[in-house]
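Here is a friendly briefing to read alongside the model. Please keep the viewer open as you go through the points.

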Amino acid sequence: MRYRADVTLIENSARGFPPKTFAGQSVEIRRVAPITSMGVDGTLSVGYQPTTVRWFGGEVARFEHITNVRIVSSDGNPLLEGGLLLTYEAPHVISGGVQFQVL
Amino acid sequence: MPQLHLDEQMTDTTARKKPTKKEKERLWLEHFRKAYQGEFPAGVVKYDENPDVLVIDPARIVGIEITEFHLIDGGLPQSEPQQALRRAGVVEEARRLYLAEGGKDIELTFGFRYISADRRKKLPAELAAFAKRIENNVSEMIWLEASSTPEEIAFAWNAGVYQNTVWKVQQVNKGSLTSKDKLVEIIRSKEEKVKGYQKCDAYWLLICVNFSDPAQDQEIRIDDPYVHSDVFERIFMFKSVFNEIVAVK
């Protein structure tokens with residue numbers, strides 16, 4: 001689903017760099033439902049799946065040292081907040097922007 | 001330098017060299033002493049051999065033997081270290097075959113099931129053919145039943161074509177409860193070894209589980225952990241990160 005939103009890139013490190021917010025961006029967010037399974041200790045485990053984001057107008061270079069991402073819709077509703085996931089895909093160029101994953 | 005967690009100290013191979021056996025034993029004992037709420041033997045701690053640690057008090061000497069609880073002996077083909085080697089080899093060969101057949105420069109991530117010795121040889125070609133089948137299924141998790149081909153692949157992710165792509169393994173391991181039989185086997189094996197150790201007034205056995213090592217990780221809080229021993233005065237299982245301690249004796 002495509003949104004008009006503010007994208008905030010956060011570097012969670014000791015370097016003390018403030019988050020960088022890019023207002024009024026066009027993003028497409030694709031979520032996957034979590035999977036559940038019963039753990040050996042008898043508790044239900046929830047496996048959250050990566051959310052894939054396409055940020056039109058975004059650039060791969062912006063993601064250097066970035067650890068977390070927050071996306072808030074233009075009307076103030078939080079859409080997504082989590083760690084930048086590098087397990088399956090690194091932030092990479094797509095037509096007109098950048099694609100990355102958050103978990 | 002920031003203080004690393006125990007599991008990081010055990011497994012961090014990026015910035016530091018791997019700890020030696022003696023360094024690991026020291027880390028395990030230090031962390032166990034911090035976590036243990038009971039009465040630890042009084043005296044001067046001396047790191048030694050046979051047993052690994054001596055706690056020396058004028059009244060008595062306690063020898064502490066430290067060992068790690070590997071789910072499966074590391075040399076066996078079904079062990080995690082051996083399976084990890086097979087997975088890496090299969091993925092590397094499969095990518096070479098796929099590209100040689102004119103495949104795209106896509107980035108793939110695979111989760112594996114058990115790879116037998118027989119299937120190890122056939123698997124790269126099957127995986128290359130599977131990659132061909134999914135090369136256009138970009139950015140979606142593909143789950144495979146055990147009856148699918150290749151049967152060793154549990155899931156795959158195709159990130160598509162981009163710069164500096166790699167094929168890699170993202171292994172998901174099933175949790176398991178500590179096997180009482182394996183626990184007894186470890187204890188009996190150590191009891192045999194203690195016969196040749198230097199004389200102490202009492203011996204303790206510390207069986208450690210490194211949470212971040214898939215070859216060891218397990219749920220140690222089992223219903224009936226008690227194991228009798230005529231050799232060891234106390235026996236504990238200790239799991240890193242969670243600092244769980246189970247008194248086996």
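The notes below go through the two chains by topic.

This is a predicted model. Chain A has zero helices and nine strands, while chain B is divided into domain 1 (6–71 + 176–247) and domain 2 (80–169).

**Chain A**

- Along the sequence, chain A reads β-β-β-β-β-β-β-β-β.
- Strand 1 (residues 2–10) of chain A pairs with strand 2 (residues 20–30) of chain A in the antiparallel sense, over seven bridges. In this pairing, Leu9(A) stands opposite Lys20(A) of strand 2 of chain A.
- Strand 1 of chain A also pairs with strand 6 (residues 68–73) of chain A, again in the antiparallel sense and over six bridges. Here Val7(A) stands opposite Ile71(A) of strand 6 of chain A.

**Where the chains meet**

- The contact takes 11 residues from chain A and 13 residues from chain B.
- On the side of chain A that touches chain B, the residues divide into four nonpolar, five polar and two charged.

**Domains and sheet of chain B**

- The centres of domain 1 and domain 2 of chain B, taken over C-alpha atoms, are separated by 39 Å.
- An open sheet of chain B is formed by four strands in the order 5-6-4-7, with mixed pairing. Strand 5 (141–143) and strand 7 (167–169) of chain B each have a single partner strand and stand at the edges, so one side of each is left without a neighbour in the sheet.
- On average, neighbouring strands of this sheet are turned by 20 degrees against each other, direction ignored.
- Strand 4 (residues 106–112) and strand 6 (residues 153–161) of chain B run antiparallel and are joined by seven bridges. The bridge partner of Gly111(B) in strand 6 of chain B is Phe155(B).
- Helix 3 of chain B packs on the sheet and touches strand 4 and strand 7 of chain B, with its direction at about 160 degrees to that of strand 7 of chain B.
- Helix 4 of chain B packs on the sheet too, touching strand 4, strand 5 and strand 6 of chain B; its direction makes about 55 degrees with that of strand 6 of chain B.

**The helix pair of chain B**

- Helix 3 (residues 80–100) and helix 4 (residues 117–134) of chain B pack at an angle of about 50 degrees, their axes 8 Å apart. That angle makes helix 3 of chain B oblique to helix 4 of chain B.
- The crossing of helix 3 and helix 4 of chain B is right-handed.
- Among the residues making the contact are Val90(B), Ala94(B) and Leu97(B) of helix 3 of chain B, and Leu123(B), Leu127(B) and Ala131(B) of helix 4 of chain B.
- By class, this contact between helix 3 and helix 4 of chain B has 10 nonpolar, no polar and four charged residues.

**Backbone details to check in chain B**

- Most residues other than glycine have a negative phi, and most peptide bonds are trans.
- Asn50(B) and Pro51(B) are joined by a cis peptide bond, with omega about 0 degrees. Pro51(B) lies in the loop between strand 1 (44–47) and strand 2 (53–56) of chain B.
- Another cis peptide bond joins Thr149(B) and Pro150(B), with omega about -5 degrees. Pro150(B) is in the loop between strand 5 and strand 6 of chain B.
- Asn164(B), a residue other than glycine, has a positive phi near 55 degrees. Asn164(B) sits in the loop between strand 6 and strand 7 of chain B.

Notes. Residues are numbered from 1 along each chain as its sequence is written. Chains are lettered from A and ligands numbered from 1 in the order in which they are written. This is a predicted model: local features need pLDDT of at least 70, side-chain atom pairs count only at pLDDT 80 or more; totals for chains, interfaces and linings use all residues. Axes are lines fitted to C-alpha atoms, for helices over the stretch in contact, and angles run from 0 to 180 degrees between N-to-C directions. Helices (H or I, at least four residues) and strands (E, at least two) are DSSP runs, numbered from the N terminus. Angles under 35 degrees count as roughly parallel, over 145 as roughly antiparallel, 65 to 115 as roughly perpendicular and the rest as oblique. A crossing is left-handed if the near helix is turned anticlockwise from the far one by less than a right angle, and right-handed if clockwise. Two residues are in contact if their C-beta atoms, placed from the backbone, lie within 7 Å. Ala, Val, Leu, Ile, Met, Phe, Trp, Tyr, Cys and Pro count as nonpolar, Asp, Glu, Lys and Arg as charged, and the others, Gly among them, as polar. Two strands pair if DSSP finds at least two bridges between them. Domain bounds come from an automatic or database domain assignment.
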